[in-house]
2 protein chains.
Amino acid sequence: MYFVLLFYFIFATPMKKKATIHDIARELNINASTVSRALADSPRVKEKTKKLIQEKAAEMGYSRNHLASNLRTQRTHTIGVIVPNISRHFFSTVIGGMEEIVSEQGYNLIICQSHDSAEREAQLVDTLLANQVDGIILSIATEQSDGSHIQRIEASGKPVVFFDRECKTIQGHNVLIDDFSRAYELTDSLIQNGCRHIVHLGGNSEASIYQDRLRGYKDALEKNNIEFQEDWVFKSRLKQLDGQEIAQQLLAKDKMPDAIFSANDVAAIAAMEVLQKAGIRIPEEIKVFGFSGEPISAYTSPALSTVNQNPNLMGQKTAELLLDQINGTQLPVHNTIIPSEIIIRQSSLKTD
Amino acid sequence: MYFVLLFYFIFATPMKKKATIHDIARELNINASTVSRALADSPRVKEKTKKLIQEKAAEMGYSRNHLASNLRTQRTHTIGVIVPNISRHFFSTVIGGMEEIVSEQGYNLIICQSHDSAEREAQLVDTLLANQVDGIILSIATEQSDGSHIQRIEASGKPVVFFDRECKTIQGHNVLIDDFSRAYELTDSLIQNGCRHIVHLGGNSEASIYQDRLRGYKDALEKNNIEFQEDWVFKSRLKQLDGQEIAQQLLAKDKMPDAIFSANDVAAIAAMEVLQKAGIRIPEEIKVFGFSGEPISAYTSPALSTVNQNPNLMGQKTAELLLDQINGTQLPVHNTIIPSEIIIRQSSLKTD
DNA sequence: ATTAAAAATACAATCGATTGTATTTTGTGT
DNA sequence: ACACAAAATACAATCGATTGTATTTTTAAT
């Protein structure tokens, strides 16, 4: 037995026991509650003993155990964030914006990726709730789901804010851009530049953003007296491969479109490359318009027209809204619209 | 008093008290410890009562409180990650790789940004330690520091792995690429393509990666009998603005260089744009080589030569190494080198 | 039926900090 | 010096789950 202890101390020395308030209390012949109050700078402790305790704490390398503190106070100062994919520029920028806001108030973010899987998203929600986060920020997976995990958040009473993808399962705060208007504007811009046969690369039709972009497209066609054609719409996950495949399909057709409106930049760029390799000139023969404002879009040749979604601002607003809820400033549930604008570049311009 | 309670229940209804193991125990006239064991599927509980308990738990919507559990077990299954900036493609991809690995073993990541400030980094380290993370992954800020916060990690006995930026403060695991060799190779490649006057845009000279890239550059010059000139090296933070300013400085000189080796892509692209706007043709008059493999580099015109750092793999290896340490598989401290390769594109090619 | 062994469950301490209440100490006025 | 209020500190319960030990119940063997 002693042998084992010896063994333990020799080989596991890094495992130093951290000092607790009780250790400090013992050293000073004082009660732990006083130590706790002193370290919290409570007026209930005499200045002199406060100083004594704080010095001893520093000397012993004390650091408050947040687990214990959080358990007692029922607050963790931690916010759970679930996004489809952290390495997409849009999302990492949104998160950057959130971080700016929450860190000012001493909050931390736990960031998780759903990879657009509803099942994983549900898992993550449960983990976050079990970890007692103070609130959840969620960009819902495009994959269809019964929304039961969303209801679990609601049942927990924890504040939640949705961004980018609107939540229809429960009444909650959504921070969005006006996908419909931007889609309308960009489609209209293509038409003004002479396009009459505009193909749309759309995303999962369960997701509100893709529904709205499609609606904007349809509406612009209608207003310009262009008949909407079902087979001009290609639905996919809008990954690089999807863009490439759809471009191939277009190349195989008798009649090529004179424009492509892709619901994201990744697919737009992929399609553009395939078309160009096949000898098609952009924007002369086909104009292309993307969506989501990836930084790459400025560097493609020709530069890709797209939509700036102000992701940093979106992150800030989302975080502010959540903190307001956490702090009890009960705001009426509503949707916040973040300003956005279409960016017209070479790829969609008229050429004479 | 009752009135206050009434008020509370009417207006704060979302605040539902979650069921605890004690609640379940009370309902079943059983002891909480048995409930705890049943939910952990311990063999010490009869199958019949286990089922009873699990059903009741489900019925009451029970969910384990990780705070309490973590406090007792002294493990949080949470890993703290500190990176300079989450929205840089390299880092978000590294994090993606980490997440793939740790989520398999039921771990979560707390992701923080240091913005390359040593002070903020130190703060974050303390917060993470106070939150009792099971380990820390760190890409050290380039800003100089006394390294005291690194020593605090060591003192805590918590496992730590460094990646991308080597830690010289303490002996620890580092996951790196061979910056020296890649810098050597790319400089040599420029020389083979006829360049004799190669300017280097370097980063903070405290950071090992920038030291090594500079060394590779110097070494390649020396091996090719080209005299190293101090004023060919421009040190900066390698942001967009830095690249632009340095390009302006170059334009103002009597004799322009015939190549630029930038220690990152952002500065390389910024410089390239300024030079091109001034009428200089790339790669005909000046060849440019970047570093870090930003996706944008493939889309600039001309496409930018760069170095692929395999960030996803780097994240995976880093996470594996940390988990090994957490799980007690004590590996000897060492540096892990992730394969990397130079990507030669249009911007650095010889033109005849 | 008796009893030892094995199985199942109950008890109680613990993790570390917080906080309402009780107690002791200090200070003031007379 | 005494009473009394105010200030400072101590006590003890609590947050919710875990776990070593003690106790009760069940099973099996004689």
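**Protein–DNA and protein–protein contacts in the predicted model**

In the predicted model, the surface near DNA strand D draws at least two residues from each of α3 (32-39) and α5 of chain A and from each of α2 (21-28), α3 (32-39) and α5 (66-73) of chain B. The element that gives the most to this surface is α5(B), with four residues. In total, 27 residues surround DNA strand D, and the closest are Ile21(B), Ser33(B), Arg44(B), Tyr62(B) and Arg72(B). Of the atoms of DNA strand D that come within 4 Å of the protein, sugar and phosphate account for 57%. By residue class, the surface near DNA strand D comprises six nonpolar, 13 polar and eight charged residues.

A phosphate oxygen of DNA strand D lies 2.6 Å from a polar side-chain atom of Tyr62(B).

Sugar or phosphate makes up 55% of the atoms of DNA strand C within 4 Å of the protein, and bases make up the rest. A backbone N or O atom of Ile21(A) lies 2.6 Å from a phosphate oxygen of DNA strand C, and a polar side-chain atom of Tyr62(A) lies 2.6 Å from a phosphate oxygen of DNA strand C. A base of DNA strand C is approached from chain B, where a side-chain N or O atom of Arg72(B) is 2.9 Å from a base oxygen. Two or more residues of the surface near DNA strand C come from each of α2 (21-28), α3 and α5 of chain A and from each of α3 and α5 of chain B. The most, four residues, come from α5(A). The surface near DNA strand C divides into six nonpolar, 13 polar and eight charged residues.

The UniProt record, an unreviewed entry, places the feature "domain: HTH lacI-type" at residues 19-73 of chain A. In the model this span is 67% helix and 0% strand, and its end C-alpha atoms lie 20 Å apart. Within helix α2 of chain A, Arg26(A) and Asp23(A) are three residues apart, about one turn of the helix. These two residues form a salt bridge, with the closest N and O atoms 3.4 Å apart. Over all chains, the search of the whole structure finds 28 salt bridges.

Chains A and B also contact each other, with 42 residues of chain A in contact with 42 residues of chain B. The area buried between the two chains is about 3,800 Å², of which carbon and sulfur atoms give 55%. Leu67(A), Glu99(A) and Tyr299(A) supply 19% of the area that chain A buries against chain B, more than any other three residues. Glu99(A) also forms a salt bridge with Arg120(B), in which the closest N and O atoms are 3.9 Å apart. Two salt bridges are found across the interface of chain A and chain B, and eight residue pairs are in polar contact between these chains.

On the side of chain A that touches chain B, at least two residues are supplied by each of α5 (66-73), α6 (89-104), β2 (108-113), α7 (118-130), α8 (148-156) and α12 (265-277). The largest share, seven residues, comes from α6(A). This side of chain A consists of 16 nonpolar, 20 polar and six charged residues.

Several backbone features were also identified in loops. The peptide bond from Ile282(A) to Pro283(A) is cis, with omega near 10 degrees, and Pro283(A) lies in the loop between α12 and β9 (287-289) of chain A. A cis peptide bond also joins Ser301(A) and Pro302(A), with omega about 0 degrees; Pro302(A) is found in the loop between β9 and β10 (306-308) of chain A. In chain B, Asn29(B) occupies the loop between α2 and α3. Phi of Asn29(B) is near 55 degrees, a positive value in a residue other than glycine.

Key:
Residues numbered from 1 in each chain as written. Chains lettered and ligands numbered in written order. Predicted model: local features only at pLDDT ≥ 70, side-chain atom pairs only at ≥ 80, totals over all residues. Heavy atoms only, no water. Contact = heavy atoms within 4.5 Å. Buried area = accessible area lost by both parts, 1.4 Å probe. Salt bridge = Lys/Arg side-chain N within 4 Å of Asp/Glu carboxyl O. Polar contact = N/O pair within 3.5 Å; in protein donor to acceptor, adjacent residues only side chain to side chain. Nonpolar A, V, L, I, M, F, W, Y, C, P; charged D, E, K, R; others polar. UniProt positions renumbered as here; feature names shortened; annotations may be inferred. Near = heavy atom within 4 Å.
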